[in-house]
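Look over the sequence and the model before reading on. The paragraphs below lead through a few places in turn.

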Amino acid sequence: MLPVIRLWNRRGGALLLAVLSTSVLVSSAVFSRQQAEERRLDAAVLGQLTAISIAAAAGNLTVEEQNELWNQASNQVINQVGRLRIPIVITDTLGNPSSSAHLPDDFPLGPTGEPDDQALRDFVAELDALRPPFGAPGLQVHFGDPEFTSRLRLIPWLQAASLLVILGSGGWLLFLSFRSERERIWSAMARESAHQMGTPLSSLVGWLEVLEDRPRPRGSEVGQPDLIDEMAADVTRLQKVSRRFELIGHKPKLEPMSMRAMALQLRQYFEARLPTLSRTGKIEIEVEMEPESPEVLGNPTLLEWAFENLIKNAIDALAPEGGRIVISHLGPSGRRSVFRVLDTGPGIPPALRDKIFNIGVTTKKHGWGVGLSLVRRIVEDMHDGSIRLEDTGRGASFRIELPRQRPGKRGT
C-alpha cells in the first residue's frame, strides 16, 4: 500500500505542481488583461474630459454650448465613478451627510431603509483618513478607493503564497526523486548481493555433503554441539539471507504466519550464539506471546529479518553488561496486531530518536546505520504496517504493528 501511496505522492505532486503553475500563469494573464482594459477605459474617459475642457475654455462657445459640454463631462465622471464603484459621501461644511453612493453592501441602514446617519459620519472619517475631501461651495465630497482596489491588495500575497507552494512542491518532488533513485540503487545492490552469494553457497553445500559422508568429529560424541550440523545450519542461514536480498527489491507475497513461532525460532537461534555475541554479560531473551495469538499477514523471510535486526541491535546494546530482551504481543489495534521488542540497555540518545530510522544514523561506533532503515522498509513499505520508537525511561522499545490475518482473507 505505501509504495502505491508514495507513487501517488510523486505523481500527485507533479500534477499539483503543474496545476498550480498553470493556475498562476492563467490568473496572471487574466489579471493583466483586466488591468489593461481598465487603463484603456480610464484613458478614454480622461481623453474625453480633456477634450471637453479645452473646447469649453476656448471662449468661442455660447453659454448653452458650454453648459452642454460640462454636462457631458459631469455624466462621464458619474459613469466612471459608477463603473468603478467608488464610495462617495457628500456632506455640508459642518459634516452633516446629505447624500451617498456606492456604499459597501453590508453598510448599516436606518429605520427608513436609508444609510444610518451615524454610520455615515464614521464612514466619512474613514474616507478622510485615506485622503482629504474635495471642497465645493457649501459642500464637501468624501470619496474612497475603487472596489477592485481591495482585490488588488490581495494579488501580491496570493502570488507569493502560490510561489511558495510551487517551490515547496518542487522541492518535495526533488526529494521524492532522490529517494526513489536511492531505493532503486538499494534494490539493485540487494539483488546483486544475492546473485553474488549464490556461487559460494552452492560450493559450501557441496562441501557439506562431502563432510556428511565422513566420520563425525569426536566432539559430537561427548555432548558438545555437532559441528557439521551447526555448519549446515549456518549454510541454511546464508541461503536464507540470500533469499532475503532477492525479496527486498520486489513486492513480496504475503501469507498467514505465526509471529509466536517465528519469535521462538529466533530466540533459539540467538541463544545458541549468545556466548559469542554477548561477550561477557548474561543476556536473556524472553517471548511473551500467548499460544493462541492471532496470525499476521506477512512474508516470513522478511519479517524474520526485521525482528532479527531488532534483536541483534538489542544484543549489541546489552553487551557486555548483560540484560533482558522481551518480544511480546500487545494485542489488536484495528486491523493490525501490535508487537513490541524491548531491551534493558542504555537506550537511544535523545538527539537521535527522531531520525533513528534514517539511513546512516547509528548508535554504534562502527555501525553502518542500515539495519533500522531496513526494518522500517520491511514493516511499512512491504507489509503496510508501522514501527516507531516508544518513549521509555531506560532501554529501547520498538512498537510494531502488522496487518492481522482475517478469516477468509487470503495471502497477497
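This is a predicted model: local features need pLDDT of at least 70, side-chain atom pairs count only at pLDDT 80 or more; totals for chains, interfaces and linings use all residues.

What does the side chain of threonine 91 make a polar contact with? The partner is the side chain of histidine 142, at 2.8 Å. Setting aside residues up to four places away in sequence, threonine 91 touches Asn96, Pro97, Ser98, Val124, Leu139, Gln140 and His142.

Next come the nonpolar cores. The largest one has 43 residues, and those that touch the most other members are Met259, Phe307, Ile327, Phe398, Ile400 and Leu402. Several elements give two or more residues to this core: the helices α6 (259–271), α8 (300–318) and α10 (371–381), and the strands β6 (283–288), β8 (323–333), β9, β10 and β11. Helix α8 supplies the largest share, 10 residues.

Apart from its neighbours within four places in sequence, phenylalanine 307 is in contact with Met259, Met262, Leu266, Ile327, Phe339, Val341, Ile400 and Leu402. There is also a second, separate core of 8 residues, with Val89, Phe107, Ala119 and Phe123 among them.

Helix α8 also packs against another helix, α10. The angle between α8 and α10 is about 150°, and their axes are 9 Å apart. Is the crossing of α8 and α10 left-handed or right-handed? The crossing is left-handed. On the α8 side, the residues that meet α10 are Leu302, Leu303, Trp305, Ala306, Asn309, Leu310 and Asn313. On the α10 side, they are Gly371, Leu372, Leu374, Val375 and Ile378.

The last topic is charge.

Another pair is glutamate 401 and arginine 336, whose closest N and O atoms are 3.3 Å apart. This pair links distant parts of the chain: glutamate 401 is in strand β11 (residues 396–403) and arginine 336 is in strand β9 (residues 336–343), 65 residues apart. Is glutamate 401 buried or exposed? Glutamate 401 counts as buried, since its relative accessibility is 13%. Arginine 336, with a relative accessible area of 23%, is partly exposed.

A further salt bridge joins the side chains of arginine 353 and aspartate 391, at 3.4 Å from N to O. Here, too, distant parts of the chain are linked: arginine 353 lies in helix α9 (residues 350–353) and aspartate 391 in the loop between β10 (386–389) and β11, 38 residues apart. Aspartate 391 counts as exposed, because its relative accessibility is 71%. Finally, salt bridges that share partners join Arg336, Arg399 and Glu401 into one network.

Methods
Residues are numbered from 1 along each chain as its sequence is written. Side-chain values use heavy atoms; hydrogens and water are left out. A salt bridge is a side-chain nitrogen of Lys or Arg within 4 Å of a carboxyl oxygen of Asp or Glu. Helices (H or I, at least four residues) and strands (E, at least two) are DSSP runs, numbered from the N terminus. Buried means under 20% relative accessible area, exposed over 50%, partly exposed in between (1.4 Å probe, protein chains only). A nonpolar core is a set of buried Ala, Val, Leu, Ile, Met, Phe, Trp, Tyr and Cys residues joined through side-chain atoms within 4.5 Å. Contact means heavy atoms within 4.5 Å. A polar contact is a pair of N or O atoms within 3.5 Å; within protein, one must be able to donate a hydrogen and the other to accept it, and residues adjacent in sequence count only if both atoms are side-chain atoms. Axes are lines fitted to C-alpha atoms, for helices over the stretch in contact, and angles run from 0 to 180 degrees between N-to-C directions. A crossing is left-handed if the near helix is turned anticlockwise from the far one by less than a right angle, and right-handed if clockwise.
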